[in-house]
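Have the viewer open and click along as you read.

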Amino acid sequence: MSTVVSVQPTSSGTVPPRPAREVVPDPLWDKQVALLQRDYPYDSVMATRVLGQGYAYLLTAMAHRGERLGLAPSSLVDIGVHTIILDTVAYAELCNRFNEGHFLHHVPLVEFKDDGSVARTARRVAADGWEVDLPLWVDAAKCGPCRPGNDSH
């Protein structure tokens, strides 16, 4: 069972977190869920969770372009990210729509970081109003192989 968090305050409490699914056209979503199921031992529920967190991460990274926050996904979330960015035409459209046409590059490092960047990223995703499926972010201690301090994933 996934745990969803929201930390977006309002005068009346908290706003329910947005699922990243709502910004992805149905045919693309269905295709990418099927790709995850093809390439990983996921059922449709797990594939949906991983893909949703991949989109939430990328949309957060795009929203904070230029801030050099050193955002990093967990290993599981990164699988969703890879599925999204490898569908290059759809990914370019996502960058056009949510990143002012700037391509968010993928710049992985060989070594995993152990600097808390994944946990900070999950909090940033939640603060931006996206659903955070906490169990998919729990491998944070050994994750974050992405280049720190730049606008890349």
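## Ground rules

This is a predicted model, where local features need pLDDT of at least 70 and side-chain atom pairs count only at pLDDT 80 or more, while totals for chains, interfaces and linings use all residues. Residues are numbered from 1 along each chain as its sequence is written, and side-chain values use heavy atoms, with hydrogens and water left out.

## Helix H4 and its two sides

Start with H4, which spans 88-98; helices here are DSSP runs of H or I, at least four residues, numbered from the N terminus. Ala90, Tyr91, Leu94 and Cys95 of H4 are buried (under 20% relative accessible area; exposed is over 50% and partly exposed is in between, with a 1.4 Å probe and protein chains only). Looking down the axis of H4, these buried residues fall within an arc of 145°, so they line one face of the helix. The arc is taken from the directions from the helix axis to the C-beta atoms.

As a reminder, an α-helix has 3.6 residues a turn, so residues three or four places apart point the same way.

Asn99 sits in the loop between H4 and helix H5 (117-127). With 1% relative accessibility, Asn99 counts as buried. Its side chain makes a polar contact with the side chain of Arg65 at 3.0 Å (a pair of N or O atoms within 3.5 Å; within protein, one must be able to donate a hydrogen and the other to accept it, and residues adjacent in sequence count only if both atoms are side-chain atoms).

Setting aside neighbours within four places in sequence, Asn99 is in contact (heavy atoms within 4.5 Å) with Met62, Arg65, Leu94 and Leu104.

## Ring pairs

The whole structure holds three aromatic pairs (rings of Phe, Tyr and Trp, the last by its six-membered ring, with centres within 6.5 Å; planes under 30 degrees apart are stacked, over 60 edge-to-face and the rest tilted). One of them is Tyr40 with Tyr42, stacked at 5.4 Å centre to centre and 20° between the planes. Tyr40 is partly exposed at 30%, whereas Tyr42 is buried at 13%.

Tyr91 and Phe103 have ring centres 5.0 Å apart and planes at 80°, so that pair is edge-to-face. This pair links distant parts of the chain, 12 residues apart: Tyr91 in H4 and Phe103 in the loop between H4 and H5. Tyr91 is buried at 2%, while Phe103 is partly exposed at 42%.
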